[in-house]
Amino acid sequence: MKSMNNKVPSKYSICDKKSIKIRRLLLDLEWVQPKYKQKRAMRKLSKLRGEELKWLIFPNNYSQKSAWENSAKVLQMIGYPAIKDILPKLFYSMADPNWPGALEIRDLLMTVSNDILLENIEEYMGDCPDEPYDSIEYMFISEIVFKKGIKEEDFSNINCYNILKMTYNS
């Protein structure tokens, strides 16, 4: 699985007031919190924009797995095009289809135009070498590509297409 450097946004320190407030809201997204706290946190976090959206990307080092599904729902609330700058990092959230929030991220990415989506898929997949690959990691990406009707000729790197086709057909 690809690794992701998803640290706290650079313009925020962990100790500034806004960051502390966001971290508290992220704690309120966890499943163990009462529903009213989760919904309130989701509503407040849905106002994040720009570099602040990085707080909602998972996996990360500042929210628990029990908050990932609600983080994904917040990103759905925000929607495209507001999430455009974090699109390449969202693919990491689907690296394991069993992760909480992976389905929500898949559904969110289905709303992105094919050309923008394809550009970000190829950026995420990198050079797409002709070697063994992790089919689980690309499962949702291949599903998105083929459900949206993205074709082989749309890819600038044919190896990426072939990997996704093998994953989709397996």
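**Rings and charges in a predicted model**

Trainee: What does Lys73 count as at 29% relative accessibility?

Mentor: Lys73 counts as partly exposed at that 29%. Keep in mind that this is a predicted model.

Trainee: Which side chain does Lys73 meet in a salt bridge?

Mentor: The side chain of Glu69, at 3.6 Å from N to O. Glu69 is partly exposed, with a relative accessible area of 24%.

Trainee: How far apart are Lys73 and Glu69 in helix 3?

Mentor: Four residues, so about one helical turn separates Lys73 and Glu69.

Trainee: How many salt bridges does the structure hold?

Mentor: Six. One of them joins Asp28 and Arg40, whose closest N and O atoms are 3.4 Å apart. That pair links distant parts of the chain, with Asp28 in helix 1 (residues 17-28) and Arg40 in helix 2, 12 residues apart.

Trainee: And Asp28, buried or exposed?

Mentor: Buried, because its relative accessibility is 12% and the cut-off for buried is under 20%. Arg40 is partly exposed, with a relative accessible area of 29%.

Trainee: Next one. What does Asp107 meet in a salt bridge?

Mentor: Arg106, with 2.9 Å between N and O. Salt bridges with shared partners join Arg106, Asp107, Glu143 and Lys147 into one network.

Trainee: Is Arg106 buried or exposed?

Mentor: Arg106 is buried, at a relative accessible area of 16%. Asp107 counts as partly exposed, at 36% relative accessibility.

Trainee: Which ring does the charged end of Arg106 sit over?

Mentor: The ring of Phe140, with 5.2 Å to the ring centre.

Trainee: Where in the chain do Phe58 and Trp68 lie?

Mentor: Phe58 is in the loop between helix 2 (35-45) and helix 3 (68-78), while Trp68 is in helix 3. They are 10 residues apart, and the pair links distant parts of the chain.

Trainee: Are Phe58 and Trp68 buried or exposed?

Mentor: Both Phe58 and Trp68 are buried.

Trainee: Which residues do ring pairs link into a cluster?

Mentor: Phe91, Tyr92, Tyr124 and Tyr138.

Definitions and conventions:
Residues are numbered from 1 along each chain as its sequence is written. This is a predicted model: local features need pLDDT of at least 70, side-chain atom pairs count only at pLDDT 80 or more; totals for chains, interfaces and linings use all residues. Side-chain values use heavy atoms; hydrogens and water are left out. Helices (H or I, at least four residues) and strands (E, at least two) are DSSP runs, numbered from the N terminus. Buried means under 20% relative accessible area, exposed over 50%, partly exposed in between (1.4 Å probe, protein chains only). Rings of Phe, Tyr and Trp (its six-membered ring) pair if their centres lie within 6.5 Å; planes under 30 degrees apart count as stacked, over 60 as edge-to-face and the rest as tilted. A charge sits over a ring if NZ of Lys or CZ of Arg is within 6 Å of the ring centre and within 35 degrees of the ring normal. A salt bridge is a side-chain nitrogen of Lys or Arg within 4 Å of a carboxyl oxygen of Asp or Glu.
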